Amino acid sequence: MQEWSDIVKLAVNCKNVVKIALVGKYFKNQLMTNENQIFRDSYASVINALNDAGLHSNCKIEAVFVWAEDLEAASSIKKQAAAMKLLEEAHGIVITACFNVPGFEGMMQACKYGRESKKPLLSICYGMQCAIIEFAQNVCKIKGAWSTKLWDEQNDKCNNQLQPLKPEQKVIIKMFERFGEKSEMRLGRRTTTFITENSKVFNDYGRRDSIQERHRHGYEVNPEFVPRLIAAGLRFVGIGVDEGINDETENFPETSQKMLGIAPNKEMSYLEKVNTLCQYSTATKTAVRMEIMELENHPYFVGIQFHPEFQSRPFSPSPPFLGLIRASLQYSKIL
Ligand SMILES: NC(=O)CC[C@H](N)C(=O)O
């Protein structure tokens, strides 16, 4: 009981307000009428994770919703300006998890804004995929870089008239293995191993060698692109390899052992580690997964392939959310 009264005191005595813009798209598709209620309902776990992190950073969170499609060039100038203003007024940004094409361009705009303005940004799952595609298109200059999933969806809509993606445009792909008999998605608790100590998220997680978080996605970063993204400043710091999930894929235990041997190897540089893992992944068609990325020379530009919000609790806030809120608080003070 005492710990609850302590945490209530923390909440009541918060000194600062941190404004977080949540860029998402489930808002207008549902039958509820109260927009604020829909927003709170659709993003309940993310909002709770932000609040948990706020409690432990002496700040109150003000979450505002940015409708991703308003940021797109096809939207009216007025809507674009209003959505942009919400991003500008925020101290930090979350690019949320989603599915399907609508809103993707708008989310990429928000990622570009966060990257260029150096405003703290946490992108989750589909959000991380957006951030990586934006980076591939605008920083690595890979014209038409995209996700094979979104291409398939768009191609269906255009009656198979879309130009096929060239190999160098397939930045987000379905991994080589099937995920399981019943699901096309990689689901549930999986291990991520840190391959470098030079990482904000490694510090956020208390400098643990590996962590376990919950997943819900079908698509991932193409390992063939990773060296190119890293060379341009987007570092993959946490990597995953499943062990024995699918009995038909005999490579898993072998890859896991190799991965686990590489991760703590102090003789190998960060680049050697990633390159070895990515080459191995491509050569053997085994799934080596980019789970956590962060941008060099930015206060907090982090992408997470899993869903850290699901394990956040008031007494144990999710580490990447804490990292985001601390960086956003810092940002609010220099505004
Ligand atoms: N949870 C998500 O954001 C899913 C992202 C994407 N649609 C995928 O399946 O990979």
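When I say helix or strand today, I mean DSSP runs, at least four residues of H or I for a helix and at least two of E for a strand, numbered from the N terminus. With that in hand, hello everyone, and please keep in mind that this is a predicted model.

Is Asn-160 buried or exposed? Asn-160 is exposed, because its relative accessible area is 56% and the cut-off for exposed is over 50%.

You will find Arg-207 in the loop between α8 (200-204) and β8 (210-217). With a relative accessible area of 44%, Arg-207 counts as partly exposed.

Now to the ligand. A backbone N or O atom of Cys-98 lies 3.2 Å from an oxygen atom of the ligand. Gln-129 uses its side chain instead, with a polar atom 3.1 Å from a ligand oxygen. For Gly-218, a backbone N or O atom is found 2.8 Å from an oxygen atom of the ligand. Taken alone, the ligand exposes 290 Å², and the protein buries 95% of that.

A word on annotation. UniProt, in an unreviewed entry, lists residues 40-228 and 283-326 for "domain: Glutamine amidotransferase". In the model, the span 283-326 is 23% helix and 25% strand, and its end C-alpha atoms are 40 Å apart.

On to charges. Side chains of opposite charge can pair when their charged atoms come close. How many salt bridges does the model have? The count comes to 13.

Let's start in helix α5 (residues 104-117), with Glu-116 and Lys-112. Their side chains meet in a salt bridge at 3.4 Å, N to O. The two residues are 4 apart in that helix, so about one helical turn separates them. Glu-116 is partly exposed at 49% relative accessibility, and Lys-112 is partly exposed too, at 27%. Glu-116 also meets Arg-115 in a salt bridge, at 3.7 Å, N to O. Arg-115 itself is buried, with a relative accessible area of 13%.

Another pair is Glu-184 and Lys-174, whose side chains form a salt bridge at 3.3 Å, N to O. Glu-184 lies in the loop between β6 (170-174) and β7 (186-194), while Lys-174 is in strand β6, so this pair ties together parts that are 10 residues apart in sequence. Glu-184 counts as exposed at 54% relative accessibility, whereas Lys-174 is partly exposed at 27%. As for shared partners, salt bridges join Lys-112, Arg-115, Glu-116 and Glu-134 into one network.

Last stop, the surface. Met-1, Trp-4 and Phe-315 form a nonpolar patch there, and together they have about 390 Å² of accessible area. Where does Trp-4 sit? Trp-4 belongs to helix α1 (residues 2-12), and at 43% relative accessibility Trp-4 counts as partly exposed.

Conventions. Residues are numbered from 1 along each chain as its sequence is written. This is a predicted model: local features need pLDDT of at least 70, side-chain atom pairs count only at pLDDT 80 or more; totals for chains, interfaces and linings use all residues. Side-chain values use heavy atoms; hydrogens and water are left out. Patches are made of residues with over 30% relative accessible area and no salt bridge: like charges are joined within 9 Å, nonpolar side chains (Val, Leu, Ile, Met, Phe, Trp, Tyr) within 5 Å. Accessible areas come from the Shrake-Rupley method with a 1.4 Å probe; for residues, only the protein chains shown count as cover. A salt bridge is a side-chain nitrogen of Lys or Arg within 4 Å of a carboxyl oxygen of Asp or Glu. Buried means under 20% relative accessible area, exposed over 50%, partly exposed in between (1.4 Å probe, protein chains only). UniProt positions are given in the numbering used here, feature names are shortened, and annotations may be inferred rather than shown by experiment. A polar contact is a pair of N or O atoms within 3.5 Å; within protein, one must be able to donate a hydrogen and the other to accept it, and residues adjacent in sequence count only if both atoms are side-chain atoms.
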